[in-house]
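Colleague: I would like to go through some of the labels used for this model and hear what each one rests on.

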Amino acid sequence: MIYLDHAATTPLRGEVRDAWLEAQGVGNASSVHGAGQRARRVLEEARERIATSLGCQPIEVVLTSGGTESVNLALKGLWSSRGPQRDTIVLPDGEHHASLDAASWLVAREGARVRSVALDRVGRIPEDAFREALDSSTALATALVAANETGTINDAPALSRAAAEAGVPLHLDAVAAAGHLAIEFSAWRGPAVAGAGLVALSISGHKLGAPVGTGALIVSRHAAPDPLLHGGGQQRGLRAGTQDVAGAVALATALELADAERQTENARLEELRSRFLATLGARLPEAVVLGDPDSHLPGTIHLHLPGAEGESLLFLLDQRGISVSTGSACQAGVAEPSHVVMALGYSAEAARQVLRISMGRTTSEADMHRLGEALVDDYSRLTHR
Ligand SMILES: Cc1ncc(COP(=O)(O)O)c(C=O)c1O
């Protein structure tokens, strides 16, 4: 099998699995007996390692079950602790459904208003437009550090500065970025302004070689979103519930491995990407590469393939044992046109003719060669060219 859907989930790394299993011990980290205290030590060590990797303080690491929970805690928690007269959520087009749907829920149930920010043609959030959307009625803003479909990278420090200057709390969704990009929470946040600027950042373990069910929301010491879960008061009261000690160790291990390998791995993926695109460009000149040519995740290739349904291509490639994605959500088994591609200015029809290829640590040159051959062949079959 050739697995080219690392943006959906990555294989569990061997080193991470070993560390994870080794940390599966007895003891609730909140118990006072020796076993509990041992678990607490392992947990807090892991939290420190996660904090070091993400450039924040250990106390700012709130462990969650993954990206969706982190995003929901950030958006709903910041909404419910918002200042007076603040009723608007600034939501760029093309955000992940975790943010879109959490915001829609706040609109339907809480009377929130959404102010959207249009993306540019390469899927970037324009800083000026983002800045203009923020004002004294803004309860919170959210933005992707890197887009999960196009791979386009936004200027996280600039967006953070804009939010700080406008006095607005900002959540960054770094789920697609973490691992590939160095996350520098405190540096991006800049000088602390209580409750404003970058206050929360989401990551998910299964996107970087850790198990599904691990993740974190980084919550600034200077912010106090309301919790979604109430109970034992763990993690500053922000996320009650017995903490997953082994999951924290796995997440810390995966982040450290990604940090150590980032430079060489990103260069390797970038090389595979440009070779693949050069060959594809010569053989399939109709294919359009979406996203920012200058600033993108090295492993992500998002293609518009005119005249061919992405879903049909996905099916044909799958029959050859090649796993790729259209990138967009599948609702009740029916592929939705990608809202991200439409946000780039494409029609709903064109937004169905896309394929996302996402490479990762296990991807080889041979995999990309086989994909290229298969894609040219399957595209020709579908379009009768
Ligand atoms: C940008 C982004 N945010 C949030 C999520 C949700 O993360 P999880 O699958 O860990 O719930 C994803 C997953 O695809 C994502 O790509």
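Modeller: Start with helix 8, which passes helix 11 in a right-handed crossing. Keep in mind that this is a predicted model.

Colleague: Why are helix 8 and helix 11 called roughly parallel to each other?

Modeller: They pack at an angle of about 20°, and their axes are 10 Å apart. Angles under 35 degrees count as roughly parallel. Helix 8 and helix 11 are therefore given that label.

Colleague: Which residues make the contact between helix 8 and helix 11?

Modeller: From helix 8 they are Leu 272, Arg 275, Phe 276, Leu 280 and Arg 283. Helix 11 contributes Glu 365, Met 368, Leu 371, Gly 372, Glu 373, Leu 375 and Val 376.

Colleague: How do you know that the span of helix 11 is close to the expected one?

Modeller: Helix 11 covers residues 365-383, which is 19 residues. The expected span is 1.5 Å times one less than that number, given as 27 Å, and the first and last C-alpha atoms are 27 Å apart. Just after the helix, His 384 takes a positive phi of about 50°.

Colleague: What covers the buried residues of helix 11?

Modeller: The cover includes strand 1, helix 8, strand 10, helix 9, strand 11 and strand 14. Among the buried residues of helix 11 are Asp 367, Met 368, Val 376 and Ser 380. Buried here stands for under 20% relative accessible area.

Colleague: Why is strand 14 called mostly covered?

Modeller: Five of its five residues, 354-358, are buried. Val 354, Arg 356 and Ser 358 point one way and Leu 355 and Ile 357 the other way, and all are buried.

Colleague: How do you know that strand 10 and strand 14 pair?

Modeller: Pairing needs at least two bridges, and five join strand 10 to strand 14, so the two strands pair. They run antiparallel. Leu 303 has Leu 355 of strand 14 as its bridge partner.

Technical notes: Residues numbered from 1 in each chain as written. Predicted model: local features only at pLDDT ≥ 70, side-chain atom pairs only at ≥ 80, totals over all residues. Heavy atoms only, no water. Buried < 20%, exposed > 50% of the residue type's maximum accessible area, 1.4 Å probe, protein only. Helix = DSSP H or I, 4+ residues; strand = E, 2+ residues; numbered from the N terminus. Contact = heavy atoms within 4.5 Å. Axes fitted to C-alpha atoms, helices over the stretch in contact; angles between N-to-C directions. Parallel < 35°, antiparallel > 145°, perpendicular 65-115°, else oblique. Left-handed = near helix turned anticlockwise from the far one by under 90°.
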